[in-house]
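Dear colleague,

I am passing on the structure below, together with my notes on what was found in it. Please read the notes with the model open beside them.

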Amino acid sequence: MHEQVTGHLSALADGLRVKIAPRLLDGNSASALAGAARALLALRPAVRAPLTDLTTALVDTGRLFTLFSHG
């Protein structure tokens with residue numbers, strides 16, 4: 001999963017018209033992930049456990065982990 005998260009973040013950075021600091025992009029991506037998880041949970045409370053597991057697994061990989069573990 002580490003390679004997938006890092007690959008998607010790199011592709012996103014490469015596709016932007018302007019340069020953004022990697023930690024800013026990572027922070028915005030982590031915030032978007034958390035927001036999407038909250039929105040899904042509001043619509044489907046029954047998915048709390050698998051949604052929490054998936055969100056945690058994504059945050060615990062790659063650059064998002066670095067962001068949360070150091071900042």
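Ser31 lies in helix α2, where helices (H or I, at least four residues) and strands (E, at least two) are DSSP runs, numbered from the N terminus. At 47% relative accessibility, Ser31 counts as partly exposed, given that buried means under 20% relative accessible area, exposed over 50%, and partly exposed in between (1.4 Å probe, protein chains only). Ser31 and Leu64 are 33 residues apart in sequence, yet their C-alpha atoms are 9.9 Å apart in space. Leu64 belongs to helix α4 and is buried, with a relative accessible area of 5%. From Leu64 to Thr6 the C-alpha distance is 8.7 Å, although 58 residues separate the two in sequence.

Before going further, please keep in mind that this is a predicted model, in which local features need pLDDT of at least 70 and side-chain atom pairs count only at pLDDT 80 or more, while totals for chains, interfaces and linings use all residues. Residues are numbered from 1 along each chain as its sequence is written, and side-chain values use heavy atoms, with hydrogens and water left out.

As for confidence, pLDDT is the predictor's confidence in each residue, from 0 to 100, and the protein averages 86, with 89% of the residues scoring at least 70. Confidence is lowest in helix α4 (residues 62-70), at a mean of 63, and highest in helix α3 (residues 48-59), at 92, and I would ask you to read the values given above for Leu64, a residue of α4, with that in mind.

The overall plan has four helices and zero strands, and along the sequence it reads α-α-α-α. Of the 71 residues of the protein, 21% count as buried.

The buried residues of α2 are Leu25, Asp26, Ser29, Ala30, Leu33 and Ala37. Seen down the axis of α2, these buried residues fall within an arc of 135°, so they line one face of the helix, the arc being that of the directions from the helix axis to the C-beta atoms. On the other side of α2, the exposed residues are Arg38, Ala42 and Leu43.

Helix α3 can be described in a similar way: its 12 residues should span 16 Å at 1.5 Å a residue, in agreement with the 16 Å between its end C-alpha atoms. Leu51, Thr55 and Val59 are buried in α3, and they cover an arc of only 65° around the axis, which puts them on the same side of α3. The face turned away from that buried side carries the exposed residues Pro50 and Asp53. Val59 itself has a relative accessible area of 16% and is therefore buried, and its C-alpha atom is separated by 10.0 Å from that of Ser29, which is 30 residues apart from Val59 along the chain.

Lastly, Leu16 has its place in the loop between α1 (2-15) and α2 and is partly exposed, with a relative accessible area of 31%.

With best wishes

Definitions and conventions: The expected span of a helix is 1.5 Å times one less than its number of residues.
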